[in-house]
Each structure stands twice: as C-alpha cells, then as structure tokens.
Amino acid sequence: MLAYAIRRLGQSLFVLVLMSFLVFIGVFAIGDPIELLVNPQADEVERIRATAALGLDKTFLEQYWVFLKGAASGDLGKSFVYNVPALSLILQKLPATIELAFVAMVMAIFLGIPLGLVAGLKPDSLVGRGIMAGSILGFSLPTFWVGLVLIMVFSVNLGWLPSNGRGETTLVAGIPVSFLTLDGLAHIAMPAVNLALFKLSLLIRLTRAGTREAVLQDYVKFARAKGLTQGRVIGVHVLKNILIPIVTVIGLELGSVIAFAIVTESIFAWPGTGKLLIDSINQLDRPVIVAYLLVIVTLFIVINFVVDVLYSMLDPRVRLGGAAAAH
Amino acid sequence: MLRTLRLALAALAILGIPALTSAKDRDVSIGLQAAITSMDPHYHNLSPNNSMMLHVFEPLIKRDANQKLVPGLATSWKALDDLTWEFKLRKNVRFHDGSPFTADDVAFTLKRVPNVPNSPSSFATFTKPIVDVKVVDPHTIVFKTAATHVLLPSDLASVMIISKLHGEKAATEDYNSGKAAIGTGPYKLAEYVPNQRVVLKANYGYWGGEEPWDKVTFKILTNAAARVAALLSGDVQMIETVPTADIAKLSADKKYALVDKVSNRVIYVHLNQRTDTSPPYVTGKDGKPLPKNPLKDARVRKALSISINRQAIADRVMEKRSVPAGQLLPEFFFGTSKKLQPAKYDPEGAKKLLADAGYPGGFALTVHGTNNRYINDDKIAQAIAQFYSRIGIDTKVETMPASVYFSRATKGEFGYMLLGWGTESGEQGSSLRSLLATYDTAKGMGVTNRARYSNPELDALISEAMSTIDDKKREGLIQKAAEIAMNDTALIPIHYEVSTWGTEKGFRYTPRTDQYTLAMGLKPGK
Amino acid sequence: MSDPILSAPAGPLAETTPGAKGGVAGPWSRFRADFAESRLALFGLALLVVILLVGLLAPVISPQNPYDLAQLDIMDSKLAPGERSADGSTYWLGTDDQGRDMLSGIFYGLRISLGVGIASTVFALAIGLVFGLVAAYFGGWVDTLVMRIVDIQLSFPSILIALILLAVLGQGVDKIVIALITVQWAYYARTVRASALVERQKEYIEAARVLALGQARIVFRHLLPNCLPPLIVVATVQVAHAIALEATLSFLGLGLPITEPSLGLLISNGFQYLLSGKYWISFYPGIALLLTIMAINLVADQLRDILNPRLRK
C-alpha cells in the first residue's frame with residue numbers, strides 16, 4: 001500500500017511537470033500577453049519595457065526554466081495582471097469553488113442515486129419513465145441558458161433569490177464557508193442547482209442502468225428468495241454491485257465540477273476559481289493559468305487515488321497497484 | 001457637525017418622519033463590466049483601473065464628462081516657454097489620513113511612476129517627456145521637458161498623485177491591501193478583492209465637498225446578462241455598458257432609467273497594405289491570390305467604405321447606440337473636422353469604383369474581428385459581410401477572442417481587420433499619429449498602424465502639429481491631416497460607440513465620453 | 001459471496017443464441033421485435049428519423065439559405081414569429097439579430113449539431129475504448145502511462161484546448177470536432193478501464209486465456225462487449241453533452257463560425273435576448289435541441305437494454 005502510494009506520487013510529479021510544459025506551449029501558441037496588457041496608446045519603448053518586466057523577452061525554454069526553478073521552491077510566479085503570487089490568488093478563490101462543487105455534488109448524489117434506483121427497479125412504471133424523461137432535460141440544455149432562466153424566474157420575476165455573488169461567510173477551521181448562513185444558502189442555491197443538473201441526470205441514468213442489471217443477477221434473486229427484505233436486498237446487494245461505475249463517474253465529475261465551473265461561475269458572478277480561470281485565459285495571464293492547472297491536477301490525482309482505493313474496498317477483485325501482479 | 005446632522009436625520013427616519021436621507025439610502029452598489037486589476041494607481045494603465053483610481057486619488061488636472069481638461073489638484077498651469085511648464089497647486093487639500101498635500105507629493109509621484117516593478121503597462125509614457133522637476137514652493141511646481149511637448153497637461157491628467165508619506169516604501173501589494181492607498185480623492189478604499197469587488201467609503205473631509213454616498217460597492221459582473229439581471233433584481237442600483245439587446249425593454253420600463261453618451265471610441269477597419277501582392281485572406285473569387293494588393297488602391301478602399309450602410313448598423317445592430325463615423329473622434333473633440341461626414345451608403349457607386357479599379361466581378365475577402373472586445377463586435381462583422389456580398393465581394397467572417405485576435409492582427413496575418421480605438425487624450429492628433437502615420441517605432445509614429453498605411457504628406461502634417469504649441473494653429477493642422485487621411489480612405493471608420501448606463505429610478509448618472517463609471521457622477525434624484 | 005458472474009455470457013453479442021420470443025429466425029428480426037417492445041422507444045425512433053431527415057434535407061426544405069449572407073438582410077432582424085419581411089415573405093419562427101430566418105436556421109443548425117455531436121462522440125469513444133481496454137488488460141506500465149495521460153487530459157480545461165486549437169488551426173466545424181474529441185476521449189478511457197478492471201478478473205477471461213486465444217481477440221471479442229453497457233449510458237448522455245459543450249464553446253466565442261450557426265450557436269446568440277422578451281431567438285432552437293436529444297436517448301436507452309448481455313431474460 002505504502003509502496004503503491006509512493007509510486008503514484010512519483011508519477012504524479014512527472015504529470016505535473018509535463019502538464020506545466022504543455023500549458024506553456026499552449027499559451028505561447030494562443031498569443032502574446034503583451035498585446036492585451038499594454039495600453040494600446042503606448043509606444044514601442046513601453047512595450048519593450050513591459051515585455052522585459054514580465055520576463056517575456058527571454059526565449060521560451062528560458063522562461064520555462066525560470067518557472068521550474070521557482071516552482072521547485074514553491075513559487076509559481078506572479079500574475080501578470082494582478083502582480084500577486086498566482087498561487088495565493090487561486091487559494092483565495094478556491095474555497096468558494098470547492099464549496100459550490102460539493103453542494104452541487106451532494107445534491108446530485110442524494111437525489112440521483114435514489115431516483116435512479118426507483119427508475120431501475122420499476123423501469124416500466126409511470127414514475128420510472130417520468131424520472132428518465134425528466135433526466136433528459138438535465139443535460140440537453142446548455143448550462144448558460146438554464147442559469148439565466150433560473151435567474152429570470154427566481155431573481156427577476158419572483159425576487160426570492162439574489163442573482164449574483166456569494167453570501168455571508170463564517171469561518172470553519174479557518175476556511176470561509178457560506179452554506180451555514182441563511183444569506184449564504186440563498187446565494188448558493190441557484191448556482192449549485194445549475195451545476196448539479198447535468199451530474200444529477202448522469203447519476204440517475206447510471207444508477208438505473210446498474211440496478212436493472214443487478215436485479216436480474218442470480219445473487220439478487222437468491223437474496224430475494226432467502227426472504228430478505230426489499231430494503232436489505234437493494235441497500236446491500238444491489239447498491240454494492242452498481243457502485244463501481246458510479247464511484248468512477250462521481251470522482252470524474254467532482255473533479256470537473258471543481259475545475260471547470262466556468263460558465264456557472266460567470267453567470268452567477270460566483271467569486272471562485274472558474275471565473276478567475278476564464279478571465280486569466282482571456283488575458284493570457286500565464287502564471288495564473290499554469291498555477292491553476294497544477295492545483296487542479298494535484299486535486300485530480302488525489303481524487304483518482306481515493307477513487308482507486310474505494311474500488312479496492314468495494315470490490316476485492318480489483319487489486320491496487322494496477323494489474324502488475326495479475327500476469 | 002455633519003455626523004450629528006446625519007444622526008439627527010437618521011433619528012427622524014426612525015420616527016417615521018420623512019427625511020431626505022437615511023443610512024441605507026446612502027449605500028449604493030454598481031455593476032462593472034471589467035475587473036480592476038490593482039489599486040496601485042501606477043501599476044496598470046487600463047481604463048477600468050484608471051476609472052476606479054479617480055475615486056481614491058486625483059491627478060493634477062482632471063477631465064470633465066466631455067474630456068475637457070479642468071483643474072484637479074492643480075488650480076492653474078501654463079507653459080512658461082516651449083520647454084517649461086508651471087503648475088500652481090491647490091491649497092488646503094488633505095490626504096485621507098489628514099496629512100497635507102504639497103508639491104513634494106507631486107515630485108515623489110513623478111519619481112515613482114517609471115519605477116513600479118512588474119508593471120504590465122506603465123504610466124511612464126505620460127511622465128517620460130519630463131526631464132526635470134523643480135519644487136518652487138509647497139504649492140508651485142515647475143516641469144522641464146527635453147522637447148516641445150504639447151500634450152503635457154493632457155498626459156498629466158492620467159497620472160494620479162500619491163502621498164509621499166505613505167508611498168516611500170510601499171509596493172503594489174500595499175495599495176491593494178489599502179495600507180498605502182491613501183489619496184486625496186472623495187472616497188477611501190475600504191476593501192479590494194481581485195476579480196470580485198471594490199468597496200469604498202466616503203471621505204467626509206474632501207476638499208470638493210461631500211459626496212452623497214457613505215459606501216459604494218463596485219461588483220465585477222463581466223457577463224452582460226448577469227449584469228442586467230443584477231439591476232433587474234435590485235442587487236445593484238446602476239450598471240455600466242447595458243447590452244444593446246436589453247435597451248428597448250429597459251427604456252420602456254418606468255422602474256429604470258437609461259442615460260447614454262457618444263464615446264471617444266471609434267470602431268474602424270484597417271486594410272492590410274503591407275504587401276504589393278494579395279494580402280492574407282484576400283483572393284480572387286476562384287480562391288487564387290491576386291497579382292496586386294487591391295487594398296492599396298484608394299478606389300477599392302473607398303468602395304469598401306461606401307458599400308457599408310452605417311445607419312443600418314446603428315439602427316438594427318446597435319439599437320441606435322452608435323453614431324456613424326466619418327473620422328476618428330466625434331465632432332465636438334479637439335482637432336476634428338466638420339467637413340468629414342460619414343460616407344454615404346452607395347452600393348452602386350461602390351460597384352463602379354470596383355470596376356474602375358479592375359475588379360468588375362469583385363473579389364473575395366474574410367472579415368476578421370473580435371467577439372469579446374467591443375460592443376456587438378461579432379454582429380458588426382456579420383453585417384459588414386452582408387453589405388459586401390451585395391456588391392459582389394465574396395465575404396467570409398471569422399471572429400475570435402481578443403487573446404487570439406490581437407497577436408495575429410499585429411503580425412499582419414489578416415487582410416481586413418475590424419478594430420476599435422479609444423482616444424484617451426481627447427484630441428484627434430494622437431490618434432492619427434498612432435493609427436495612420438507611417439510605421440516607425442523609433443520615432444513613436446504609427447505604433448498601432450497594423451495596416452502599414454503610409455502617406456508622406458500626412459506624416460509631415462502630423463509631425464508639424466505635434467511640435468506646435470499654439471492650440472489654434474495646431475488644431476488647424478490636425479484637421480487638415482484628418483481630411484487628407486479620410487479622403488484617401490486610409491482606414492474605414494464605422495461608428496462611435498455610445499456608452500449606456502442603466503440605473504434604478506431615483507438615481508441620475510452624468511454620462512461620460514471616456515466610458516468611465518464614477519460614483520461621483522451618480523446622484524440621487526430624478 | 002457466491003459468484004454470480006458465471007452466468008454472464010462469455011461470448012460476444014453476435015454469438016448469443018436467438019431468443020425464444022416470437023420464434024422468428026435471425027438476429028435482426030429478433031432485434032426488431034425487442035426494440036418494438038417499448039412504444040416510447042418507437043416514438044423516439046420515429047422522432048429521430050424525422051429529425052435526421054430534416055437535417056439531411058435542410059437545403060431542400062428551408063425557405064432560405066441561412067448561411068448565404070447575400071440572402072440575409074439586417075433590416076429584417078429580430079422580427080417576431082409570423083411577421084412579414086420587407087419583400088413579403090413570412091418568417092414563421094421569426095428572425096435573429098442578423099435577419100436570419102429562424103426556421104431555416106434551425107434546419108441547418110440541426111445538421112451541424114448532430115454531425116458535430118455524433119462525430120465527436122464516436123471518435124472519442126473509439127479512442128477512449130481502445131486506450132481504456134488496453135490499459136486495463138495489460139496493466140503494469142502500459143496502464144500507468146495511459147492513465148497519467150488521461151489525468152493530464154482531464155485536467156486541461158476544454159476552453160483552453162478550444163482556444164489553443166482555434167489559435168493554431170483556425171475556425172471551422174472540423175476544428176470543433178477535433179476539440180471535442182480531445183476533450184472527451186480521456187473520459188471514456190477512464191470509464192472503460194474501470195469496468196474492464198472488474199471484467200478482467202472474471203472467469204470467462206481466464207477461460208479465454210487458458211484457451212490461448214489471441215490477445216486482440218480476448219480484448220475486443222470478450223472484454224469489450226462486457227464493458228459496453230455502462231459505456232453506452234455514458235456515451236448517449238455524452239452525445240447530448242457534446243452538443244451542449246459545442247454550444248458552450250460558442251457561447252464563450254470559441255465555437256463555430258458565426259455565419260454558419262449550429263443549434264447551440266443559435267441558442268447562445270439568442271441568449272442575450274432572453275431578458276429582453278425576444279424569446280424566439282433562443283427558445284425555438286432550444287426546443288429543437290431538446291427534442292433531438294430526447295429522441296437520441298429514447299432510442300439509445302432501448303438499444304442498450306437490448307444489447308446488454310446481462311439483461312437477457
């Protein structure tokens with residue numbers, strides 16, 4: 001287990017380095033940040049000065065080397081635009097995004113799995129079909145559109161919920177969270193629903209598919225025949241066997257929700273990292289983009305690790321460390 | 001005294017007696033379209049920042065709503081000779097901490113401006129011409145320039161004065177945290193959260209009189225629909241840049257008020273004249289390159305200009321929030337010519353010009369433009385393409401985000417470039433110099449001339465104007481230069497953007513040509 | 001736990017014996033009968049056929065070619081449904097901000113959206129499937145390598161990928177498809193690997209190994225079919241997701257050329273008119289998108305149930 005963790009860590013470091021290099025190439029390919037940063041009325045002297053000030057006069061490889069040296073000592077560079085350390089800028093915005101992602105995921109899981117179970121156990125009933133039809137709505141309309149319709153209905157027409165921003169926060173273990181105050185809940189409700197819709201639909205469909213398969217399997221039939229209660233059959237035998245793909249997808253989606261809540265965050269002006277990322281991409285603020293992606297990759301690696309560990313707990317047939325030992 | 005009065009008024013309000021103001025009434029939230037990247041007034045020369053800084057800091061010379069220069073921290077200024085300027089400073093002005101404002105602060109500011117580490121766009125452009133600063137007495141300061149610099153007052157209107165006391169050791173971070181953000185302006189910085197909000201508190205001892213607001217919160221609402229929604233749901237009381245799509249509905253609604261004003265930003269087209277053969281994305285109808293660059297032919301350029309129905313774009317695309325343009329600035333600005341009217345829509349005339357130039361069947365081109373930089377930029381590009389397809393030019397449209405667009409445009413990778421230009425100085429000479437003078441970085445001429453248009457006659461006039469200190473004479477020269485450029489269709493002006501602000505009823509905003517959104521311009525009342 | 005897996009069919013789908021139902025010979029007719037079991041699925045199929053026909057025949061049945069700029073007139077822009085243009089033709093679903101007939105725009109947009117959604121999903125699925133299966137089956141360094149590439153890919157924001165491709169390749173339908181494939185393949189790879197890891201341990205694979213069948217045969221004829229069911233769920237959802245993603249990229253200004261709008265681009269263009277009461281510019285394309293995705297999913301749900309070896313009664 002420990003050796004496995006260490007090996008994963010080594011691989012992860014490699015991923016991080018490769019990733020940062022790819023982002024460097026990518027941003028380089030998109031365009032020249034100086035074009036966007038320097039005031040268009042400025043003269044050539046000023047352009048040359050600004051290019052030098054941001055270190056963009058060096059060759060591509062030199063710039064990357066400077067970055068690597070800094071990164072080795074924990075310094076991911078300063079934002080071109082804000083002149084503050086990129087990492088601190090991101091960490092400042094991260095709690096808001098993680099909070100939004102978790103609230104959305106919790107909604108999706110606690111609604112999605114039960115609804116999926118119902119739809120899977122009674123696939124031909126009206127309820128089952130209704131759930132399935134409803135789930136189509138969740139992923140067929142673009143997020144930005146749904147977001148604005150939510151605002152139109154609940155903020156503009158009904159006036160129940162605020163249209164933008166994050167509510168009052170309280171400190172929990174030093175991290176500001178907003179879901180403990182009424183004001184905070186009012187602010188988070190719409191963006192969380194907006195973000196959860198797609199995941200909810202996906203979970204409903206996955207759970208239903210898994211359930212439909214599981215109930216036909218002999219062990220479930222056997223468990224029923226043994227006279228176990230419906231609740232126990234579903235809770236233990238059915239659920240346990242459909243969890244693997246669901247856990248995978250939840251892991252993937254949790255990552256993507258945290259990483260790329262870009263659209264939701266910009267429509268609801270949620271002060272998180274997604275909005276920061278899109279603004280940084282639009283301004284080619286490379287240090288922030290690189291630092292952001294490194295934070296996200298690290299997060300993904302942790303999530304994937306947890307998911308893999310969960311597999312081995314859910315299904316003893318999956319051995320950790322990949323399949324090295326299988327041959 | 002004021003505080004007591006306000007307390008009394010608040011008490012009246014509690015007693016249910018109608019009062020003029022109550023605590024809540026004196027708080028206001030404003031939705032902005034772009035992020036404020038720093039609260040350091042010398043870090044980033046960028047319109048949203050410059051607009052925000054004016055609340056906390058002040059320059060020696062201010063610009064009024066029409067960008068006319070008016071006294072700021074200086075009460076008067078004059079050129080003693082071609083190279084020397086004397087500024088008289090305002091007396092009895094205090095910084096937010098109570099320390100007095102003197103000429104030393106001005107001298108200190110000029111020393112700091114070129115030395116802000118990591119500045120992505122420095123204000124040194126404005127202070128560079130000054131080679132020597134002499135403090136005559138606490139309220140008189142003299143600047144020396146190396147060469148005649150007629151734009152000095154206009155340049156200094158962009159430089160915020162900081163406090164020497166707080167600025168000595170301060171870095172950009174200290175301005176962001178508020179520690180060093182101590183100016184003389186009507187508001188104090190209370191909180192700055194990057195990419196999210198700026199909160200200001202009133203400076204009750206402001207020399208120019210008290211502002212009607214105790215607390216102003218600026219929220220960054222980049223998404224246009226989100227900004228409108230915030231106004232509609234009462235989360236903010238004013239927004240800037242009301243999207244044209246919502247103008248009809250908002251102006252019909254009695255609960256809201258819209259104000260607008262033509263701005264200093266012209267939307268124009270640069271035509272790539274770098275090559276003698278076909279420039280990029282300009283080909284014959286068969287897709288093969290043309291032997292000659294049609295955009296170098298003034299007749300073709302004129303045809304491309306008169307085939308655009310500017311009024312239709314203003315009416316249908318911009319919801320009347322644009323003014324058809326015939327030069328680089330609206331007529332009330334310095335150096336503009338009354339003779340230059342927007343080109344009349346004349347598709348038949350355009351066809352004839354094309355035939356005269358040797359393209360009777362037209363040719364093919366791609367309109368390149370941004371899709372997130374100017375108001376309705378991608379829609380304007382499409383409308384232009386419609387007009388061109390009607391005179392026989394096969395037109396494609398390619399729009400992209402500014403991050404990709406500008407690098408490519410600067411490299412000359414496009415043939416037909418839709419662009420925008422805001423003249424911060426408020427006089428047409430500087431725009432002609434940047435956009436149309438022959439590209440020469442050493443002389444600072446044509447630095448943004450992406451088309452590489454070149455006309456020696458125009459260059460000579462611009463240079464002459466730039467060293468003529470007499471305003472009347474200089475204006476004449478600039479007007480003549482503009483007439484030469486526009487009659488040659490050196491570029492194609494489309495329209496001037498009209499900036500629009502939306503407020504809740506019960507607020508009144510004084511609209512500005514520089515597109516700035518200032519709490520100082522927002523007053524209660526109809 | 002008694003091992004239930006033994007009951008799972010080991011062979012590929014085509015090798016399963018025809019069911020007793022109806023007693024008709026041949027897998028195709030059995031397939032038809034199975035499909036027709038659900039009336040909802042039949043309805044979905046009919047709808048899908050209509051939609052595909054509309055998409056295919058768009059140039060013939062549209063009142064206007066919405067991609068030909070010479071046919072558009074901004075003087076006819078933002079007309080409400082049913083209004084007449086200057087030259088007397090009626091726009092039944094109104095016009096957008098360029099004077100584009102919404103009905104024609106939707107017909108043409110369907111074509112592009114379906115094409116983009118299906119093409120990108122099929123390619124991404126194929127790539128992801130191969131990588132996921134190979135990673136799970138071979139394990140060891142192959143698995144590590146593939147999964148780390150997947151990690152990198154998944155953490156690259158789609159908007160950044162789209163922006164890079166836009167800068168490097170330029171704009172166009174093919175570029176959007178490439179961007180969507182790049183964004184999605186890793187997702188499939190991870191999902192496939194997860195199921196394949198479980199399947200790989202099962203007895204039928206062991207049996208195939210013992211029989212010394214070729215590795216390719218084991219992977220594609222035995223492992224693949226048994227990993228498919230969860231994948232089909234994800235894939236059908238992803239066709240819709242791909243279409244919506246394309247819309248989102250268009251919304252962010254990174255999508256298709258604005259003069260050749262897809263359904264998503266029509267919706268995102270109309271988005272800005274949502275608050276102003278000009279609902280039709282994004283409402284009708286929205287309905288068209290909804291119907292399309294519903295039809296795809298109704299059909300796909302039924303297909304999945306039929307094709308799933310483990311749902312055979």
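Predicted model: local features only at pLDDT ≥ 70, side-chain atom pairs only at ≥ 80, totals over all residues.

Reader: What makes two residues a contact here?

Author: Their C-beta atoms, placed from the backbone, must lie within 7 Å.

Reader: How many helices and strands does chain C have?

Author: Ten helices and two strands. Along the sequence the pattern runs α-α-β-β-α-α-α-α-α-α-α-α. Of its 313 residues, 56% count as buried.

Reader: Why is T127(B) called buried?

Author: Count the other C-beta atoms within 10 Å of its own: T127(B) has 22. The cut-off is 20 or more.

Reader: Where does T127(B) lie, and what does T127(B) touch?

Author: T127(B) lies in helix α4 of chain B, residues 124–127. Leaving out residues up to four places away in sequence, T127(B) touches L110(B), V113(B), P114(B) and V159(B). As for S158(B), T127(B) is 31 residues from it in sequence and 9.6 Å from it in space, C-alpha to C-alpha.

Reader: Which residues have the most contacts inside the largest nonpolar core?

Author: They are L100(A), A104(A), A291(A), L432(B), A481(B) and L163(C). That core has 341 residues.

Reader: How do you know that this core lies between domain 1 and domain 2 of chain B?

Author: Domain 1 covers 23–220 and domain 2 covers 263–498. Both give residues to the core, so it lies between them.

Reader: What does A104(A) contact beyond its neighbours within four places in sequence?

Author: A192(A), L195(A), A196(A), K199(A) and V257(A).

Reader: How many residues does each chain bring to the contact of chain A with chain C?

Author: Chain A gives 57 residues and chain C gives 57 residues. On the chain A side, helix α8 (residues 182–216) supplies the largest share, eight residues. By class, that side has 39 nonpolar, eleven polar and seven charged residues.

Reader: And how many do chain C and chain B bring to their contact?

Author: Chain C gives 25 residues and chain B gives 30 residues. On the chain C side, helix α5 (residues 158–169) supplies the largest share, three residues. That side has 15 nonpolar, eight polar and two charged residues.

Terms used. Residues numbered from 1 in each chain as written. Chains lettered and ligands numbered in written order. Helix = DSSP H or I, 4+ residues; strand = E, 2+ residues; numbered from the N terminus. Buried ≥ 20, exposed ≤ 12 C-beta atoms within 10 Å, placed from the backbone. Nonpolar A, V, L, I, M, F, W, Y, C, P; charged D, E, K, R; others polar. Core = buried A, V, L, I, M, F, W, Y, C linked by C-beta atoms within 7 Å. Domains from an automatic or database assignment.
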